[in-house]
Amino acid sequence: MAHINSLENGVAAKDYTEIIVVRHGETPWNCDGRIQGHLDVELNDVGRQQAVAVADRLANESEISAIYSSDLKRARETAQIIASKCNVLEVTEDPDLRERHLGELQGLVYREAAKLKPDAFKATLPLSRTDQEIPGGGESLDQVYNRCTISLQKIGRNHKGQRVVVVTHGGVVRAFHKYAAPKEESPGKIRNASINIFHIDGDDNCTLTTWGDISHLSDTGFLESAFGGDGNSG
């Protein structure tokens, strides 16, 4: 859908918010294939290098008006590195941008999860209902979708005509994709520190303009499995 620019003080103004959604940098648990969910895991050294790479890229593009982040360490640290490079004084933390809570699966190595917690594992399979909660306090896909898209809408309304960054997690990025492109198939791997750009207008209509851009990671490398960004939320 084409966007029509309005005029403010005789100057064309965007009638949408450009939201640059970045998945957090790599963590040790991503490398180990260990399920994170709401558990608070820090970046590893590669993850910090990835955060610097995406920050350098964004700093060389158009001005960033605000930066929002999940309040989990791996996202927050990525966001803070971006903020320092882009001269944004404050990162706004929002728990609604957290990864999906994965209940009994959190802390397990994915390849062992089906054997150790079969009911919880079954609740995460592609054919499970979207309203299926995960044993142990885990969320359904519908619950994740609702909380994070409401957050995205609020950000869009608060920053009309501006360019903002949201640092979050693989499961949330996948939910944003569903929001912007509901008729498309579920996306493939969402790599650490990848850039995904959405435009959201005043009526909360969301358009996907850039998906899975990792061109800035050529010097740092990336995790081939994209664990946590390949359907195994974490």
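Which residues does Ile20 touch, not counting residues up to four places away in sequence?

1. Basis of the note. This is a predicted model, in which local features need pLDDT of at least 70, side-chain atom pairs count only at pLDDT 80 or more, and totals for chains, interfaces and linings use all residues. Residues are numbered from 1 along each chain as its sequence is written, and side-chain values use heavy atoms, with hydrogens and water left out.

2. Ile20. The residues touched by Ile20 are Leu58, Ile64, Arg163, Val164, Val165, Val166, Ile195, Asn196 and Ile197, where contact means heavy atoms within 4.5 Å. Ile20 sits in strand S3 (residues 16–23); strands (E, at least two residues) and helices (H or I, at least four) are DSSP runs, numbered from the N terminus. With a relative accessible area of 0%, Ile20 is buried (under 20% relative accessible area; exposed is over 50% and partly exposed in between, with a 1.4 Å probe and protein chains only). Ser194 is 174 residues from Ile20 along the chain, and their C-alpha atoms are separated by 9.9 Å.

3. Glu139. This residue is in the loop between helix H5 (118–122) and helix H6 (141–158). Glu139 is buried, at a relative accessible area of 13%. Its side chain makes a polar contact of 2.8 Å with the side chain of Arg147. A polar contact is a pair of N or O atoms within 3.5 Å; within protein, one must be able to donate a hydrogen and the other to accept it, and residues adjacent in sequence count only if both atoms are side-chain atoms. Beyond four places in sequence, the contacts of Glu139 include His38, Glu99, Arg100 and His101.

4. Gln106. The loop between strand S5 (91–93) and helix H4 (110–116) holds Gln106, which counts as buried at 15% relative accessibility. A polar atom of the Gln106 side chain lies 3.0 Å from the backbone nitrogen of Leu102. Outside four places in sequence, Gln106 touches residues including His38, Arg100 and His101.

5. Largest pocket. About 760 Å³ of space lies in the largest pocket. A pocket is an open set of points on a 1 Å grid over the protein atoms alone where a 1.4 Å probe fits, with protein on both sides within 12 Å along at least five of seven lines; lining residues have an atom within 4 Å of a point. Grid points are joined across faces, edges and corners, and the volume is the space filled by probe spheres set on the points. Of the 30 lining residues, Arg100, Leu141, Arg174, Ser186 and Gly231 lie nearest the centre. Helix H7 (170–180) gives the most to the lining, with 5 residues.
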